[in-house]
Each structure stands twice: as structure tokens, then as C-alpha cells.
Amino acid sequence: MRKPRDFDADLKALDDKARELKTRKVRQLGELVIATGADALSADELVGALIVLAETKEAGKREAWAKRGAAFFQSRARRTSAATDRNTEGAAAQQSGPQSASVRKGTA
């Protein structure tokens, strides 16, 4: 016989997932505001700029803003990956130092 499905547990799990996604969205929005330097603006200025952006229907302006945003993210991705590569290389060099010393101790 098949076990009955616990709809309450399923709904709770979905609600928890939705809450987690909303929290992540808010956190990422905050990170974006900080990364762009918009945190230096007052709340009124930031909201006003977002309202103008949302109200703008001119395709040319929106396309230009989208290109600028894409360039921002691409430059950040390059900087982040370059920093990660440097950290990885540095970590590998640091790891090889102690490992070679322990190998020498074991063979000596």
C-alpha cells in the first residue's frame, strides 16, 4: 500500500524555500548597491533614480544601460577570477613548501 503524501510538510518546505530565495534576492540587491557605489547615495536619491529607470520606455536608453551593466559584471568577473587564480597559485606554493619539508623529514 502506498504511503499518503504529507501535503502540509510539502507546503512548509516550499514556503521555506521561497523565504530563502527572497532573502537571497535582498542580500544580492544590497551587494549590488554596494558594488556599484550606490550606497553613497541617499535613500531618496537611489529611489528616485530607480523610479526614473523603471519609468523609462525608450529602448535606446534601456539598451545602453543594459550594455553598461553587462560590462560592469564582466569586468568584475574578470577581476574576481584573476584574484582567485592568484590566490590559488599562492595557496599551491604555500602548500608545496610544508609538504616538501614533511617529505624531507620522512625520508631523512
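This is a predicted model: local features need pLDDT of at least 70, side-chain atom pairs count only at pLDDT 80 or more; totals for chains, interfaces and linings use all residues.
The secondary structure of the chain consists of three helices and zero strands, and its elements follow the order α-α-α from the N terminus. Helix 1 spans residues 7-36, whereas helix 2 covers 43-55 and helix 3 covers 59-107. Of the 108 residues in the chain, 2% are buried. The accessible surface amounts to about 9,700 Å², and carbon and sulfur atoms account for 59% of this area.

The largest pocket has a volume of about 720 Å³. Its lining comprises 16 residues, and those closest to the pocket centre are Leu-32, Thr-36, Ala-38, Leu-50 and Leu-53. Each of helix 1, helix 2 and helix 3 contributes at least two residues to this lining.

Leu-32 also belongs to a nonpolar surface patch of about 280 Å², which it forms with Leu-29 and Phe-73. Leu-29 is located in helix 1; with a relative accessible area of 51%, Leu-29 is classed as exposed, because the threshold for that class is over 50%. Phe-73 is partly exposed at 47% relative accessibility.

Phe-73 takes part in an aromatic contact as well. The model contains one aromatic pair, in which the ring centres of Phe-72 and Phe-73 are 5.5 Å apart and the ring planes meet at 75°, so the arrangement is edge-to-face. Phe-72, at 23% relative accessibility, is likewise partly exposed.

Six salt bridges were identified in the model. The side chains of Asp-10 and Arg-5 are joined in one of these, with an N to O distance of 2.6 Å. Within this pair, Asp-10 is partly exposed, at a relative accessible area of 29%, while Arg-5 is exposed at 60%.

A further salt bridge connects Glu-20 with Arg-24, whose closest N and O atoms are 3.7 Å apart. Both residues lie in helix 1, with a spacing of four residues, or about one turn of the helix. Glu-20 has a relative accessible area of 43% and is partly exposed; Arg-24 is also partly exposed, at 34%.

In helix 3, Lys-67 and Glu-63 are four residues apart and therefore separated by about one helical turn. These two residues form a salt bridge in which the closest N and O atoms are 3.5 Å apart. Lys-67 counts as exposed, at 56% relative accessibility, whereas Glu-63 is partly exposed, with a relative accessible area of 48%. Salt bridges also link Lys-12, Asp-15, Asp-16 and Arg-19 in a network.

Notes
Residues are numbered from 1 along each chain as its sequence is written. Side-chain values use heavy atoms; hydrogens and water are left out. Patches are made of residues with over 30% relative accessible area and no salt bridge: like charges are joined within 9 Å, nonpolar side chains (Val, Leu, Ile, Met, Phe, Trp, Tyr) within 5 Å. Accessible areas come from the Shrake-Rupley method with a 1.4 Å probe; for residues, only the protein chains shown count as cover. A salt bridge is a side-chain nitrogen of Lys or Arg within 4 Å of a carboxyl oxygen of Asp or Glu. Buried means under 20% relative accessible area, exposed over 50%, partly exposed in between (1.4 Å probe, protein chains only). Rings of Phe, Tyr and Trp (its six-membered ring) pair if their centres lie within 6.5 Å; planes under 30 degrees apart count as stacked, over 60 as edge-to-face and the rest as tilted. On a 1 Å grid over the protein atoms alone, a cavity is a set of points where a 1.4 Å probe fits but cannot get out, and a pocket is an open set with protein on both sides within 12 Å along at least five of seven lines; lining residues have an atom within 4 Å of a point. Grid points are joined across faces, edges and corners, and a volume is the space filled by probe spheres set on the points.
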